[in-house]
Amino acid sequence: MPAPGENMRINGERLWESLMEMAKVGPGVAGGNNRQTLTDADAEGRRLFQSWCEAAGCTMGVDKMGTMFMTRPGTDPEALPVYMGSHLDTQPTGGKYDGVLGVLAALEVVRTMNDLEIKTKHPIVITNWANEEGARFAPAMLASGVFAGVHSLDYAYGRTDLEGDSYGAELERIGWKGEEEVGDRKMHAYFEYHIEQGPILEAAEKKIGVVTHCQGLWWLEFTLTGKEAHTGSTPMPMRVNAGLAMSRIFEMVQEVAMANQPDAVAGVGQVKFTPNSRNVLPGKVVFTVDLRTPSQTKLDTMRAEIERRADEICAEIGVGCSVEAVGHFDPVTFTPELVERVRKAADTLGYSHMDIISGAGHDACWAAKVAPTTMIFCPCVDGLSHNEAEEISSDWAAGGADVLLHAVLETAEIVE
């Protein structure tokens, strides 16, 4: 089997143009994107992606979670496909590259193969996983989780957003509910290319992150129940203040994370007060604690300590406290053989690289349960992500896509 030569590169200008064109769909208010899952903007982005893939000779499949699979055939009809991809959905104030880079770089790999008339034994599949972000429907990586058997389809369809709309109903509404059973597809391997979403590669002046592991995660949704009361006329000793309990839990979460250094993080990014009025003490507060670490022991002990201490805080104030785990995955070790192929590709291309652990969750975390899997990172400016100011360079984007091209071709087996 011939190996891709060191001069083989993707078309970096074409990749960048595709990224900028997709960024016009669901624009944000500050230069980024608001293309949340199962919105009209998501549907529009899907249609654009579909048109590009079909122009590149791919055929589309869509499963019952709305995940898109665009297939370039191989020469062996019995060979399992090599998958690559990420997601097109964004945060409410998301950037132009998080997830999108991995999907459109995968498309660019296929376009480059077409340009060079490269045939492979294994089919190639470009994947756009539905609802990776989890910003609208928790948990994150919902569709890939159903694909991997972590969640049931009924559970996923029943997830609701803050307006009470369900995943299943919204998937039907935008017209992207497919016929394929989720998880029926078998993979020879899965590659995911992504921006780092952290500052390590840029600080180290490395072009490529060779991702060896992904840290584990818990999303713990707390519901605190107090008593609505007038803020001006209710004496301090007679208050049952869910907001006060919340603030003390926030501080406690910070303490637990700091006590478990190094390699542990925790914080809160979403809060909902009820009734959310200036002069009414909240009767209910709902918020989600996000805690992550590559250590299974720390992951388990941090969750237990946060829940125990939250109960103590609420009991002292007289506030009710319930916790639901709305997102979870254990630390992941990616397939060593594929990791080495990424490392080899970077060496072949002459790109500086380093091993790195992913601080964020990705669809690759669930794909790793059902197939050999690995990831590739490129730097992002100041490590900024989940922010409209998220930025990368066209050179960084192309470098990681070059590595993806080489690693995928080695795995899919070039046919002379």
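The mean positions of the chain's 35 positive and 60 negative charges lie 3 Å apart. Keep in mind as you look around that this is a predicted model.

**Overall build**
- Twelve helices and 17 strands make up the secondary structure of the chain.
- The radius of gyration is 22 Å, close to the 22 Å from the globule rule for 416 residues, so the chain is as compact as a globular protein of that length.
- Along its principal axes, the C-alpha trace spans about 80 × 45 × 40 Å.

**Burial, contacts and surface**
- Of the 416 residues in the chain, 55% are buried.
- Take the contacts between residues at least 6 apart in sequence: 81% of these join residues at least 24 apart.
- The chain exposes about 16800 Å², with carbon and sulfur atoms supplying 49% of that area.

- E133 sits in the loop between β5 (124-128) and α4 (142-147), and is buried at 5% relative accessible area.
- Beyond its neighbours within four places in sequence, E133 contacts several residues, including D98, W219 and H386.
- H386 lies in the loop between β16 (373-378) and α12 (394-412), and is partly exposed at 40% relative accessibility.
- Leaving aside neighbours within four places in sequence, H386 is in contact with Q91, T93, D98, E133 and Q197.

Terms used:
Residues numbered from 1 in each chain as written. Predicted model: local features only at pLDDT ≥ 70, side-chain atom pairs only at ≥ 80, totals over all residues. Heavy atoms only, no water. Helix = DSSP H or I, 4+ residues; strand = E, 2+ residues; numbered from the N terminus. Rg over C-alpha atoms; globule rule 2.2 N^0.38 Å. Buried < 20%, exposed > 50% of the residue type's maximum accessible area, 1.4 Å probe, protein only. Contact = heavy atoms within 4.5 Å. Areas by Shrake-Rupley, 256 points an atom, 1.4 Å probe, with all protein chains shown as cover. Lys, Arg positive; Asp, Glu negative; His and termini not counted. Charge placed at Lys NZ, Arg CZ, Asp CG, Glu CD.
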